[in-house]
Amino acid sequence: MIDIIWGRLSLLFYTAIFSIISVVGLFYSNIFIPFFLINFFLFVISIKDFMQKKRSVLSNFPLLGRFRFLLESIRPELRQYYWESDDDEVPYSRNQRTMVYQRSKNIGGVRPFGSLENMYNDDFVWLNHSITPTSIKKADFRTKVGVGQNSYDMSVLNISGTSFGAISPPAITSLSRAAKIGKFAHNTGEGSMSKYHLKGGGDTVWQISSGYFGCRDKKGNFCQETFKKKANNKQIKMIEIKISQGAKPGHGGMLLAPKVTEEIAKTRGIDVGKDCISPSKHKEFSNPSELLNFVEKLKKLSGQKPVGIKMCIGHPWELISIVKAMVTKKKYIDFITIDGAEGGTGAAPAEFTDHLGSPLKDAIIFVDNALIGSNLRNRVKIGVSGKIVTAFDMAHMCALGADWINMARPFMFSIGCIQCRSCHTGECPTGIATMDPLRYRAIDIEDRSERAFNFHKNTLFVFKELLESVGVNHPSELNRRHIVRRLSESEIRLADQIYPKATTGELLKEKGNKKIADPRLNVYWKKVTSNSFNFINKT
């Protein structure tokens, strides 16, 4: 009751002030006019708050209630700068962001006075080192993807999908330019190959989504001529068919209306000022066999450049059906990019982000086992993405089965992102995740591209030192026996002892009653065909 009375009094208070100043202003107008105008303005707002019915707090506490909404609006910033612990990952910790900032500025990234990690916590993970470390001359680790003269030597660290539209023109150019300087790859994301990627000049992986942006007709169908014309650009090194995305698997990409400018609409082939929502599935294929035919079509149209798929692992039989189709049809996808459920995005329903799709480590093990068991592991390469930020994270993923690593958010940190998490609003304060020229004018392309390059260079240097300490010469030599994990206070195991493992070609052999180690492969391999992503339910 007292609160309600105080709310009403706040209105009466400004009414009284307004009345007094009105009277005094008659005698001292030159002095009190500014105060009169200010209080008149506050009085009008108070009346408006009191009369409106949409927000009860404002109606009961005119004007004063606005402080509540102000504090609520800046809560994330207050938490990030004042109350968040250094190791709170929400989604990236202050320690992680600081490390990226330091490496992007060539400051270093060393840690004094010992580790901050509690090494006796459950699930603590480390690498075993060797007493006979190796000496590696260059940190430029490469993996050959595809076959023939247009195969591509992929760097072990690359920029993951960052669409033009989701991030700004100078941000795109900065990242592409960094890729050119460092001789690594930049994935376009589903927003198509834009003139800003071309301006940057870096090696590019062109991602083709279910919306076929950049290679679609007016009805949203795939257009061969448009694709062929663009795909033969020498800057495009590989083609990636996006089947699903980690942060929103089973959901089409989302670029909300505030970001859909005329330029973006032209680049993507869509309408200006309307939400751009990709279909949840492709029109070009509906089963594994049709997917492989689409891959073959893109290879032919692009001059036999490597073509792969990107997916977040969901139903295990769907991935198994694709692998089995490659075995039976003898048509091959050149690479599979695995996007973990912990991946990032500019916009997605919270339930999709938090509770849908397989986390990255479990997905790597499964895909690696499927390819090993089908004797395709040397032919089909694996790239991974999803909340990877440090050189240790890279080594961890390579040990579990990855050939290379893609990062998006860490590279965004390197060019100035402060994790304010307003990507979906178009009001990014750093000018990175916005299409507002007044905001992205702050990005100096030359400076930011150097920072992104520095982050790549310095991370690979530490990665090289890790490999030397482990006693290997290349990331491909890492395996699950190099990773150690504490399961509890009294139990420590190698990753090789925790995860199921496949033997080369075991799925192609008649096993009789002998079970395959990976239970997903054991259950579904004989129940899938190249004619459907579903499995045959037979006992």
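**Loops and a helix pair**

Okay, asparagine 106 first: with a relative accessibility of 43%, this residue counts as partly exposed (buried is under 20% relative accessible area, exposed is over 50%, and partly exposed lies in between, with a 1.4 Å probe and protein chains only). Quick caveat: this is a predicted model, where local features need pLDDT of at least 70 and side-chain atom pairs count only at pLDDT 80 or more, while totals for chains, interfaces and linings use all residues. Numbering starts from 1 along each chain as its sequence is written, and side-chain values use heavy atoms, leaving out hydrogens and water.

So where does asparagine 106 sit? In the loop between helix H6 (94–104) and strand E1 (125–127); helices (H or I, at least four residues) and strands (E, at least two) are DSSP runs, numbered from the N terminus. Asparagine 106 has a positive phi of about 60°, although it is not a glycine.

Lysine 330 also has a positive phi, near 55°, and is a residue other than glycine. You'll find lysine 330 in the loop between helix H12 (316–329) and strand E11 (335–339), and at 61% relative accessibility it counts as exposed.

Now the helices. H9 (residues 224–231) packs against H11 (residues 288–301) at an angle of about 55°, with the axes 9 Å apart. Axes are lines fitted to C-alpha atoms, for helices over the stretch in contact, and angles run from 0 to 180 degrees between N-to-C directions. That makes H9 oblique to H11: under 35 degrees counts as roughly parallel, over 145 as roughly antiparallel, 65 to 115 as roughly perpendicular, and the rest as oblique.
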